[in-house]
Amino acid sequence: MARRNPFRYPVLLVLVVILALTLGPILVIVVNAVKSPTDYAANGPLSFPGELYFDGIVDFWHRVDFTRKLWNSFFVSIVVSVLAVLLSVLNAYALGIGRVRGRLWFLVFFLVANVLPQEVLVYPLYFLSKEVHLYDSVWSVIIIFTVVQSAFGTYLLSSVYAEFPRELLDASEVDGAGRWRTLWSVVVPISRPTMGVLFTFFFIWTWNEFFLPLIFLISNENQTVPVALGVLQGDRQMDVTTTSASALIGVLPAILFFVIFQRTLTRGITAGAIK
């Protein structure tokens, strides 16, 4: 007779609690986003709508010119993700495989850059952006986030490349491949799953950034989705249903991107777990 696992039910209970805490707020937002203000006032936030009401979504979309905000966030997130992954690969190749002098101090620098709060960087970055005439430009946050994200990517990829099979590198050298050829023909294809994981996280992290875009993107045509949502939270003319609608359409693109690239994350984690 098989023995019962004593940890089965506690684990299931924990999973149910985590699922409820994760999906519960999202479900409340979705329900109230398609509910009329009258229905909300009569039945409260936890009741299902009597009929679907999309005027809140349409009103928010036109009020903030959400198409423009959506494009700004998408453009910034894509460019930052691509550039940060590329810069991370180049840095990690030099530190992990090239073994440049002072490698340890470089890794310590990238680690410190990861834990440094953004509030510390605001004034010097603000001053520099003014000096180079990039203030209130999407390229200012693109440059900042590319450097910040690549610091994490460099630290992660350096540890991966430090364990890279030397046999492949030696075989590439015997075949006459130089350092650049080895990088693009050997190292990059093998580390593509890890690069896919970094790309996905960089996109989501950049999409959800609020503080630095709020400081550097002050004009309405340059603002991103999180900034547009944050600015409108103090608008007294916005009712709860419109606020829920804004939260829904603000977070929905990031969720869709995560779902689309879920297989990329799975392959990256599996590739990192299997040697």
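The legends below describe close-up views of a predicted model.

**Figure 1. Overall fold of the predicted chain, with 14 helices and 0 strands.** Read along the sequence, the pattern is α-α-α-α-α-α-α-α-α-α-α-α-α-α. The chain has 275 residues, and 37% of them are buried. Its exposed surface comes to about 16900 Å², of which 68% is supplied by carbon and sulfur atoms. Of the contacts between residues at least 6 apart in sequence, 75% join residues at least 24 apart.

**Figure 2. Crossing of helix 5 and helix 7.** Two packed helices are described by the angle between their axes and the distance between the axes. Helix 5 spans residues 103–115 and helix 7 spans residues 138–162. Their axes come within 8 Å and cross at roughly 140°. Angles over 145 degrees would count as roughly antiparallel, and helix 5 and helix 7 are therefore oblique to each other. The crossing of helix 5 with helix 7 is left-handed.

**Figure 3. Residues in the contact between helix 5 and helix 7.** Helix 5 contributes Arg103, Leu107, Phe110, Leu111, Ala113 and Asn114. From helix 7 come Val148, Ala151, Phe152, Thr154, Tyr155, Ser158 and Ala162. Sorted by class, this contact of helix 5 with helix 7 holds 9 nonpolar, 3 polar and 1 charged residues.

**Figure 4. Crossing of helix 4 and helix 7.** Helix 4 covers residues 66–97. The axes of helix 4 and helix 7 come within 6 Å and cross at roughly 35°. Helix 4 passes helix 7 in a right-handed crossing. The contact of helix 4 with helix 7 includes 20 nonpolar and 9 polar residues, and no charged ones.

**Figure 5. Aspartate 65 in the loop between helix 3 and helix 4.** Most residues other than glycine have a negative phi. Aspartate 65 is not a glycine, yet its phi is positive, near 55°.

**Figure 6. Aspartate 136 in the loop between helix 6 and helix 7.** Although aspartate 136 is not a glycine, its phi is positive, at about 65°. The loop that holds aspartate 136 lies between helix 6 (118–131) and helix 7.

Terms used
Residues numbered from 1 in each chain as written. Predicted model: local features only at pLDDT ≥ 70, side-chain atom pairs only at ≥ 80, totals over all residues. Heavy atoms only, no water. Axes fitted to C-alpha atoms, helices over the stretch in contact; angles between N-to-C directions. Helix = DSSP H or I, 4+ residues; strand = E, 2+ residues; numbered from the N terminus. Parallel < 35°, antiparallel > 145°, perpendicular 65-115°, else oblique. Left-handed = near helix turned anticlockwise from the far one by under 90°. Contact = heavy atoms within 4.5 Å. Nonpolar A, V, L, I, M, F, W, Y, C, P; charged D, E, K, R; others polar. Buried < 20%, exposed > 50% of the residue type's maximum accessible area, 1.4 Å probe, protein only. Areas by Shrake-Rupley, 256 points an atom, 1.4 Å probe, with all protein chains shown as cover.
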